[in-house]
Amino acid sequence: MLDQWLIGIILLAMLVLLVIDKWRYDLVAMMALLTAAVLGLVPTTEFFSGFGNAAVITVAAVLVISQALWRSGVVDALAGWMKNIGDNPLLQLAVSP
């Protein structure tokens, strides 16, 4: 029962830190993982086993690709193009690539 409360507190602290947006989301996640490991909530043999999960790899890839598109200016170009179409969201969806 105590383990569940500790995990809940860690998740709530993560949520607060993510909303405050003072630290990067990857650092917040690693701090939560390290806290859970130090408290003995995660077995040391399985500490990094989640990084091999396909879902984690997919999310990481999407984050990297979206950051690359944003930094290269592709997102701004698409936003400008969509802005020129008009304010009608249905029309924007219809003509979006």
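1. A nonpolar surface patch of about 770 Å² is formed by I65, L69, W70, V74, V75, L78, W81, L91 and V95. Such patches consist of residues with over 30% relative accessible area and no salt bridge, where like charges are joined within 9 Å and nonpolar side chains (Val, Leu, Ile, Met, Phe, Trp, Tyr) within 5 Å. The areas are computed by the Shrake-Rupley method with a 1.4 Å probe, and for residues only the protein chains shown count as cover.

2. The structure is a predicted model, in which local features need pLDDT of at least 70 and side-chain atom pairs count only at pLDDT 80 or more, while totals for chains, interfaces and linings use all residues. Residues are numbered from 1 along each chain as its sequence is written, and side-chain values use heavy atoms, with hydrogens and water left out.

3. Which helices each supply at least two residues of the nonpolar patch? They are α3 (54-72), α4 (74-85) and α5 (89-95). The largest share, four residues, comes from α4. Helices (H or I, at least four residues) and strands (E, at least two) are DSSP runs, numbered from the N terminus.

4. One of the patch residues, L78, lies in helix α4. L78 has a relative accessible area of 39% and is therefore partly exposed. In this scheme buried means under 20% relative accessible area, exposed means over 50%, and partly exposed lies in between (1.4 Å probe, protein chains only). K83 also belongs to helix α4; with 69% relative accessibility, K83 counts as exposed. The C-alpha atoms of K83 and Q67 are 21 Å apart in space, and these two residues are 16 residues apart in sequence.

5. The length of α4 can be checked against expectation. Its 12 residues reach 17 Å from the first C-alpha to the last, close to the 16 Å expected at 1.5 Å a residue. The expected span of a helix is 1.5 Å times one less than its number of residues. Just after α4, G86 takes a positive phi of about 140°.

6. For α3, the 19 residues should span 27 Å at 1.5 Å a residue, and the end C-alpha atoms are 27 Å apart, so the two values agree. The N-terminal end of α3 is capped by N53, a side-chain oxygen of which lies 3.0 Å from the backbone nitrogen of A55. After α3 comes G73, with a positive phi near 95°.

7. V56 is placed in helix α3 and, because its relative accessibility is 37%, counts as partly exposed. Apart from its neighbours within four places in sequence, V56 is in contact (heavy atoms within 4.5 Å) with G50 and F51. V56 and E46 are 10 residues apart in sequence, with 15 Å between their C-alpha atoms.

8. What is the phi of D21? Phi of D21 is near 60°, a positive value in a residue other than glycine. Most residues other than glycine have a negative phi. D21 sits in the loop between α1 (2-20) and α2 (25-38). Its relative accessible area of 60% makes D21 exposed.

9. How many salt bridges are counted? The count is one salt bridge, defined as a side-chain nitrogen of Lys or Arg within 4 Å of a carboxyl oxygen of Asp or Glu. It joins the side chains of R24 and D26, at 2.9 Å from N to O. R24 is exposed, at 53% relative accessible area, whereas D26, at 32%, is partly exposed.

Conventions
Polar contact = N/O pair within 3.5 Å; in protein donor to acceptor, adjacent residues only side chain to side chain.
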